[in-house]
Amino acid sequence: MRRDKVVATPAEALAGVRDGASFAVGGFGLSGIPNVLIQALYDTGVSGIGVVSNNCGVDGGGLGILLAAGRIARVTASYIGDNKEFARQYLAGELEVELTPQGSLAERLRAGGSGIPAFYTPAGVGTPVADGGLPLRHNPDGSIALASPPKEVREFDGRPYVLEHGIRTDFALVRAARGDRYGNLVFRRSSRNFNPLAAMAGRITVAEVEELTELDPDEVHLPGVFVQRVLVLTSEQAADKSIEKRTVTVPPEQGTAAE
């Protein structure tokens, strides 16, 4: 009999989280981030956590609320973005940061979820990504307290490749447009970038879904084998979606050079 994975509350969805745990978190910028689960994680009061995510939210939004509260100890990401608090903590030595090429980060998550411990990639060869020396942590005076070590580089068919390790985390938090009771998920547009990969990497994966429904097997983006808990959002929660920057274009006036 298939297992019903739906949980009743965010607190139940995050049962077992603890100080120092690691989390893979889906989303791309603010697109497709698991807002409800991030807030629920904040409400647990856990601290000293490690986060693997494409970016770390923005000031006052997404993972940025955990960052501002000093709850995050280490971040593995490909992009700092416009998060001024992220940059401040990193440069002040309050936060350990592993920066990695975006494609390598995606593949490290996928590899970890697929049981692949490591792989070789050309991305980063000939740069500090492979050679080492990237600042993982600064001293308060701005000097480097801890630098990344050099990685193994091997040649295949006359081309150098750097060894990258797969990522596994204690938990994964993701958001899906639709899901069923058994954890099968469908993602919408750009939210499909990192959510499926983050979900694969978690030992316990929690998915918040905007709509609980029956799914045709042919439309499933991520099978339920990777998901342990499903939290169904209210209509208000499902509609609450932020954007990083709102821009307004003013049409040119008639008679200008724009005609």
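Which helix lies across E6 and E10, and at about what angle to E6 does that helix run? In this predicted model, residues are numbered from 1 along each chain as its sequence is written, local features need pLDDT of at least 70, and side-chain atom pairs count only at pLDDT 80 or more, whereas totals for chains, interfaces and linings use all residues. Side-chain values use heavy atoms, with hydrogens and water left out.

The helix in question is H5 (residues 102-113), which lies across E6 and E10 and runs at about 155 degrees to E6. Helices (H or I, at least four residues) and strands (E, at least two) are DSSP runs, numbered from the N terminus; contact means heavy atoms within 4.5 Å. Axes are lines fitted to C-alpha atoms, for helices over the stretch in contact, and angles run from 0 to 180 degrees between N-to-C directions.

Strands E6 and E10 belong to an open sheet of three strands, ordered E6-E10-E9 with antiparallel pairing. The edges are E6 (118-121) and E9 (153-156), each of which pairs on one side only. On average, neighbouring strands of this sheet are turned by 40 degrees against each other, direction ignored. Two strands count as paired if DSSP finds at least two bridges between them; E6 and E10 (residues 159-165) are joined by four, running antiparallel. Within this pairing, Tyr 120 has Leu 163 in E10 as its bridge partner.

A hairpin is formed by E7 and E8, with five residues between the two strands; in the turn, Gly 142 has a positive phi of about 95 degrees. Strands E7 (residues 135-138) and E8 (residues 144-147) run antiparallel and are joined by three bridges, and Pro 135 stands opposite Ala 147 in E8.

Turning to aromatic side chains, there are four aromatic pairs. The rings of Phe 28 and Phe 194 are stacked, because their centres lie 6.4 Å apart and their planes meet at 15 degrees (rings of Phe, Tyr and Trp, with its six-membered ring, pair if their centres lie within 6.5 Å; planes under 30 degrees apart count as stacked, over 60 as edge-to-face and the rest as tilted). This pair links distant parts of the chain, 166 residues apart: Phe 28 sits in the loop between E2 (22-25) and H2, and Phe 194 in the loop between E12 (185-186) and H7 (195-201).

On a 1 Å grid over the protein atoms alone, a cavity is a set of points where a 1.4 Å probe fits but cannot get out, while a pocket is an open set with protein on both sides within 12 Å along at least five of seven lines; lining residues have an atom within 4 Å of a point. The second largest pocket is lined by 15 residues, with Asn 35, Val 36, Gln 39, Gly 62 and Asp 240 nearest its centre. Helix H2 gives the most to this lining, with four residues.
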